[in-house]
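Hi,

Here is the model I promised to pass on.

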Amino acid sequence: MIEFRNVKKDFSGRPVLRGFNLHVRKGETMCLVGTSGAGKSVTLKHMVRLLKASSGEILIDGEDIQPLEGKALSSMREKFGYLFQSAALLQWLTVYENVALPLRERTKLSDGEIDRKVRHVLDRVNMSHALGKLPADISGGMQKRAGLARAVVSEPDILLYDEPTSGLDPVTSRTIDTLIHDLQSDLGVTSVVVTHDMISALTISDRIAMLHQGTVLEVSPPREFLASQNEVVRDFLDSQCISRNFFEEFPERILK
Amino acid sequence: MALNDPYECPACTNLFAQWGHNTLAFFQQVGQAILLNSRALFMTPLMFRKRMRTEVAYQLFYTGIKSLPVLSVVAFFVGMIFAVQTGIELARFGQEVNVGGAVTVVMLREMGPFMTGLIIVASVGSSIGAQLGTMKVSEEISALEIMSIDPVRFLVMPRLVALMVMMPFLTLYTDVLSIFGGGVIATVQLGVEPAAYLDNALLYAENKDLYTGLFKALVFGFVINMVACHQGLTTKGGAVGVGKSTRSTVVISFLVILITGFILTKFFYG
Ligand SMILES: Nc1ncnc2c1ncn2[C@@H]1O[C@H](COP(=O)(O)OP(=O)(O)OP(=O)(O)O)[C@@H](O)[C@H]1O
Ligand SMILES: [Mg+2]
């Protein structure tokens with residue numbers, strides 16, 4: 001579904017991705033973890049061609065997206081929903097209008113249908129009470145949830161989440177995790193989730209990819225990831241006090 | 001779009017090479033800015049679409065109506081100042097009555113569009129630069145691109161329409177108010193009858209003066225939007241970057257207005 005083939009990217013001569021290979025399968029949830037500055041956001045931005053690779057190929061459904069322009073680029077992007085690290089809501093539109101925007105601009109749905117869909121997704125992210133508020137008047141966590149609603153409202157095939165739980169309290173974080181998990185199982189979307197939060201990564205993902213210094217160090221399912229012998233992976237897990245018995249110890253009701 | 005991959009000056013120690021690269025980068029930016037606004041200009045027919053109408057209406061309001069208070073004060077006082085100064089000189093020859101013609105011709109031809117332009121740069125242009133700049137650094141522009149919403153249609157075009165429609169109207173307003181301000185001085189201080197002031201104004205001013213002035217205003221509207229939107233959309237580097245693009249919006253627009261104003265004057269009055 002999404003494939004990176006030996007992708008390299010440098011910013012003014014400074015390499016950020018150095019021979020990056022990754023394959024995200026259709027319908028799976030892949031988590032990208034790694035230290036700050038490892039290139040996680042940069043990787044996501046390559047998937048929607050917000051950034052262009054210096055060399056290498058990025059295939060979406062088998063098609064190389066590097067040379068796309070104009071109409072072809074827009075229709076490629078229509079497959080995606082994207083939750084930005086900063087939510088990136090338009091500040092002069094209300095929460096409701098922000099979520100309605102992709103439907104208004106991309107589809108020919110009637111106002112009634114748009115209204116129904118918008119209310120439905122906002123209800124799912126528990127934002128029904130803040131429909132008329134401006135982004136500046138709501139908390140960071142609420143902005144994230146509104147951003148999430150905007151990303152999913154047009155029912156894309158692929159969802160990209162850039163740190164959906166960073167800056168949120170643990171309880172809300174788990175709610176978001178559940179939401180991502182439910183969306184994936186209900187709609188069968190392919191998801192790529194960038195996160196620092198190992199609890200999220202372990203509970204929602206089918207596979208976890210560890211990024212380190214611009215390459216993919218290890219890709220494996222959560223249980224194998226926990227048992228990994230790789231030093232960088234171990235450091236990353238240990239620093240968050242994630243034990244090898246995570247799945248046995250973590251409360252079942254939160255794991256789902 | 002080209003805005004996303006700007007010309008990067010390679011870091012080189014050779015001074016001349018650096019100059020060369022900077023020159024290239026400069027011309028690339030000018031080209032980008034012109035292209036950006038030309039695309040917006042070709043998209044203006046879309047403003048009548050249902051989804052764009054409210055945005056265009058809001059921008060017209062924001063650019064036009066919201067600028068009236070400051071313009072009123074400036075126009076009135078500039079008219080008075082000009083009348084005081086020319087009055088002093090004309091009085092030496094007993095020609096006070098000609099103050100009407102002097103104020104009117106100068107305002108219609110040059111000062112009206114120029115002053116309106118500067119005020120709109122400082123108020124509307126800077127706010128466009130800051131707003132688009134903030135949107136750029138907070139990834140809102142990227143969010144639009146991913147939703148396949150063209151920022152040129154969604155953001156640049158409504159502002160272009162507002163500036164190009166409103167600049168001539170605001171200039172006309174400035175002209176009228178400053179001529180009125182000049183009239184107040186002529187009557188109160190120079191003892192010229194209001195009717196004589198107006199007659200004299202109409203004697204010297206021609207239709208051409210009005211039209212060229214308004215045409216200039218239209219061009220200034222285009223130029224202000226061009227600089228502000230380009231600076232805004234190419235902002236880099238957080239809050240500091242937004243500050244920089246706001247500043248350069250104002251500075252560059254001032255210069256470009258001066259230069260295009262001169263060129264147009266040469267063209268019409270040679
Ligand atoms: N537009 C850009 N221009 C120059 N350098 C950039 C740009 N975007 C990212 N970088 C650099 O690329 C590197 C990786 O950035 P990226 O945002 O992908 O990190 P990240 O893994 O998402 O980190 P975090 O967890 O802190 O969000 C950083 O060193 C950053 O400085
Ligand atoms: Mg990041």
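(Helices, H or I of at least four residues, and strands, E of at least two, are DSSP runs numbered from the N terminus.)

Before the rest, some housekeeping. This is a predicted model, where local features need pLDDT of at least 70 and side-chain atom pairs count only at pLDDT 80 or more, while totals for chains, interfaces and linings use all residues. Residues are numbered from 1 along each chain as its sequence is written, chains are lettered from A and ligands numbered from 1 in the order in which they are written, and side-chain values use heavy atoms, with hydrogens and water left out.

Most residues other than glycine have a negative phi. A:Asp61 is partly exposed, with a relative accessible area of 42%. (Buried means under 20% relative accessible area, exposed over 50%, and partly exposed in between, with a 1.4 Å probe and protein chains only.) A:Asn126 also has a positive phi, about 60°, without being a glycine. You will find A:Asn126 in the loop between helix H4 (111-124) and helix H5 (140-152) of chain A, and at 46% relative accessibility it counts as partly exposed.

Then there is the magnesium ion (ligand 2), which is coordinated by A:Ser41 through OG and A:Gln85 through OE1, at 1.9 to 2.5 Å. A:Ser41 belongs to helix H1 (residues 40-47) of chain A and A:Gln85 to the loop between strand S6 (80-83) and helix H3 (95-106), so the pair ties together parts that are 44 residues apart in sequence. A:Ser41 counts as buried at 19% relative accessibility, whereas A:Gln85 counts as partly exposed at 34%. A caution on that site: donors are N, O and S atoms within 2.8 Å of the metal (3.2 Å for Na, K and Ca), and water is not among the atoms, so sites may look incomplete.

**Chain B: helices throughout**

Chain B has nine helices and zero strands. Its C-alpha trace spans about 65 × 55 × 30 Å along the principal axes, and buried residues make up 48% of its 270 residues. Of the contacts in chain B with a separation of 6 or more, 82% are between residues 24 or more positions apart. (Contact means heavy atoms within 4.5 Å.)

How do the helices pack? Helix H4 (residues 99-137) of chain B meets two partners here. With helix H8 (residues 207-233) of chain B, the angle is about 15° and the axes are 8 Å apart, which makes H4(B) roughly parallel to H8(B). (Axes are lines fitted to C-alpha atoms, for helices over the stretch in contact, and angles run from 0 to 180 degrees between N-to-C directions. Under 35 degrees counts as roughly parallel, over 145 as roughly antiparallel, 65 to 115 as roughly perpendicular and the rest as oblique.) The residues of the contact of H4(B) with H8(B) divide into 15 nonpolar, seven polar and five charged. (Ala, Val, Leu, Ile, Met, Phe, Trp, Tyr, Cys and Pro count as nonpolar, Asp, Glu, Lys and Arg as charged, and the others, Gly among them, as polar.)

With helix H7 (residues 194-204) of chain B, H4(B) packs at about 50°, axes 7 Å apart, so H4(B) and H7(B) are oblique to each other. Residues in this contact include B:Val103 and B:Thr104 of H4(B) and B:Tyr197 and B:Tyr204 of H7(B). By class, the contact of H4(B) with H7(B) has six nonpolar, four polar and no charged residues.

H1(B) and H6(B) pack at about 80°, with axes 9 Å apart, and are therefore roughly perpendicular. The contact involves residues including B:Leu36 and B:Leu41 of H1(B) and B:Met157 and B:Leu160 of H6(B).

**Two buried residues of chain B**

B:Ser178 is found in helix H6 (residues 151-188) of chain B and is buried, with a relative accessible area of 0%. Leaving aside neighbours within four places in sequence, B:Ser178 is in contact with B:Ala75, B:Gly79, B:Val103 and B:Met107.

B:Met47 lies in the loop between helix H1 (15-42) and helix H2 (50-63) of chain B, and is buried at 18%. Not counting residues up to four places away in sequence, B:Met47 touches B:Met52, B:Arg53, B:Val56, B:Met157 and B:Val161.

Cheers
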